[in-house]
Amino acid sequence: MARLALLSTSDKTGIVELARRLVEEFEFELLSSGGTAKTLQSVGIPVMKVSDYTESPEILGGRVKTLHPRIHGGILARQTLPEDLADLEANHIRPIALVVVNLYPFEQTVAKPDVTLTEAIEQIDIGGPAMLRAAAKNFAHLTVLCDPSQYSEYLDELQEHGDASVEFRQACALRAFQHTAAYDRVICEYLEQQKSTTASSFSLFGTLLQPLRYGENPHQPAAWYQTGSAPTGWTAAEKLQGKELSYNNLVDLEAARSLVAEFASDDPSAVIIKHNNPCGVAMGNTIAEAYQKAFAADSVSAFGGIVAFNQSIDADTASELTKTFLECVVAPGCDPDAQQLLRAKSKVRVLVLPDLVTGPTQLVKPIAGGFLVQAADDQSVDPSQWQVVTDRQPTDAQLAELLFAWKVCKHVKSNAIVVTADRTTLGVGAGQMNRVGSVQIALEQAGAKAQGGVLASDGFFPFDDSVRTAAAAGIAAIVQPGGSVRDADSIAAANELGLVMMFTGMRHFLH
């Protein structure tokens, strides 16, 4: 008797070619559910409908199609056990040699901004996961395929061996269990989001995208995983040239992306990241000018840095980029003439990521015995909610500069201090154990350019010493969260020294 294949797919990619070759080259008979059966029949491929085979109609608007003993008996039968074979014969069930199933597009459905709960619920597949899990459990006797990318390899197995090897079937079983686990995870996450309380459980699942040479250091193994079924974020980026991305490259690229996303796409902006901290950030009239300003802010640290732009790279910008050694460059686009210029630096990794704005909504940090989860610090900055706490009021130009400095400071490791002028970083104090040390580092780096500039602090000043140090260096305006029991001392010092000081009411610690 011909081998029987069960085909039931939501994603019809490649299914016609697979079905045709199964029938014409390998003499399979096909069993299929509603939509897939119609697709195959429309191109003349012989197929038996599941409802005809089970002698049970599809009911409940298609909710129940494959949940039937003749389907699951054929999948789960152990063909080396006489009692299983006897059950098949007694119940007129044919063993199934191949199960090809992919699931309703739940993840794509809930990604739509206007999706309703009812619409989402209808995209929860029941029969599909049941068939995948059953077939994966019984991989010793049949093959399960859950992704169109597996079809050609399976056909190669048939071509070479007449049937799939047990090693191939076991690998496919693992893939199926990974697929159903990821599917259930997305459903759980969506339903948890419908509640206002903290989720009672949290799972993280990814598919291996590629092994990495190593992690932060050569003795640390590392790998890159993709979450979700469709490429998003960095997995969707196009690499135009350069070496393979490393663990540290990806960590720094994400820091660059999250910072450059702070600036509107019609305001040309450039970010240079080194060791996960910004060493140069600037806005300009053109993207080339923004890069020149960012590079000049700290050209020593920029060497070997990661550069991100919020506009496409043009020829002028590309010409500037080739003047120094850089690890990676990312932008939402890259003009053809810019690509040609960048080829002169063939080792630099140039990536195009059209969506620089969308980042993770939750951040996970492992600790011994578990992990921590927090919402991303992605609230938009609204300076209209800030409070001027000094007698001196900011000018419009100072307010714009304070906003720029505050956006940068949010992405500097705590304790963070950022000094800026002309929408350009002049000094960055990052990751110090006390805020005074960060102030001193930032001001020392800014030097004489601090005159008339502004200073941003990611946390409040516990004493007035930092305000006095800033004023002595020529700083004209300060933005900080406020909230210290000694805020009055800092305000008094700012008034005494003629500074503007604004409280945001929100801090941005980044550990």
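**Entry 1: cysteines**

I began with Cys-279, which is buried, with a relative accessible area of 8%; buried means under 20% relative accessible area, exposed over 50%, and partly exposed in between (1.4 Å probe, protein chains only). I note that this is a predicted model, in which local features need pLDDT of at least 70, side-chain atom pairs count only at pLDDT 80 or more, and totals for chains, interfaces and linings use all residues. Residues are numbered from 1 along each chain as its sequence is written, and side-chain values use heavy atoms, with hydrogens and water left out.

I then looked for disulfides, each being a pair of cysteine sulfur atoms within 2.5 Å, and the search of the whole structure gave zero. For Cys-279, the closest cysteine sulfur belongs to Cys-328 and is 13 Å away, too far for a bond. The sulfur of Cys-188 has its closest cysteine sulfur in Cys-146, at 19 Å, which is also too far for a bond, and Cys-188 is partly exposed at 45% relative accessible area.

**Entry 2: the parallel sheet**

I used helices (H or I, at least four residues) and strands (E, at least two) as DSSP runs, numbered from the N terminus. Two strands pair if DSSP finds at least two bridges between them. I found an open sheet of five strands in the order E3-E2-E1-E4-E5, with parallel pairing. Strand E3 (48–49) and strand E5 (143–145) are the edge strands, each pairing on one side only. Strand E2 (residues 29–32) pairs with E3 in the parallel sense over two bridges, and Ser-32 stands opposite Lys-49 in E3.

I also looked at what covers this sheet, and helix H8 (residues 127–137) lies across strand E1 (4–8), strand E4 (98–101) and E5, running at about 145 degrees to E4. For such angles, axes are lines fitted to C-alpha atoms, for helices over the stretch in contact, and the angles run from 0 to 180 degrees between N-to-C directions. Contact means heavy atoms within 4.5 Å.

Which residues of helix H9 (residues 151–161) are buried? I listed Tyr-151, Tyr-154, Leu-155, Glu-157 and Leu-158. They cover an arc of only 150 degrees around the axis, which puts them on the same side of H9; the arc is that of the directions from the helix axis to the C-beta atoms. These buried residues pack against helix H1 (15–24), E4, E5 and helix H10 (166–193), whereas the face turned away from the buried side carries the exposed residues Gln-159, Glu-160 and His-161. Gly-162 follows H9 and has a positive phi, near 85 degrees.

**Entry 3: aromatic pairs**

I counted ring pairs of Phe, Tyr and Trp (its six-membered ring) with centres within 6.5 Å, where planes under 30 degrees apart count as stacked, over 60 as edge-to-face and the rest as tilted. The whole structure has six aromatic pairs. Trp-386 and Trp-406 make an edge-to-face pair, with 6.3 Å centre to centre and 75 degrees between the planes. Trp-386 lies in the loop between strand E15 (370–375) and strand E16 (387–388) and Trp-406 in helix H16 (residues 396–409), so the pair ties together parts that are 20 residues apart in sequence. Both Trp-386 and Trp-406 are buried. I also noted one aromatic cluster formed by Tyr-291, Phe-295 and Phe-309.

Strand E18 (residues 424–429) is mostly covered, as six of its six residues are buried. The two strands form a hairpin with two residues between them, and Asp-422 in the turn has a positive phi of about 55 degrees.

I kept in mind that most residues other than glycine have a negative phi, and most peptide bonds are trans. Asp-422 counts as exposed, at 57% relative accessibility. His-275, although not a glycine, has a positive phi of about 50 degrees; His-275 sits in the loop between strand E9 (269–274) and E10 and is exposed, at 67% relative accessible area.

Is the peptide bond from Ser-414 to Asn-415 cis or trans? I noted this bond as cis, with omega near -5 degrees, and Asn-415 as part of the loop between H16 and E17.
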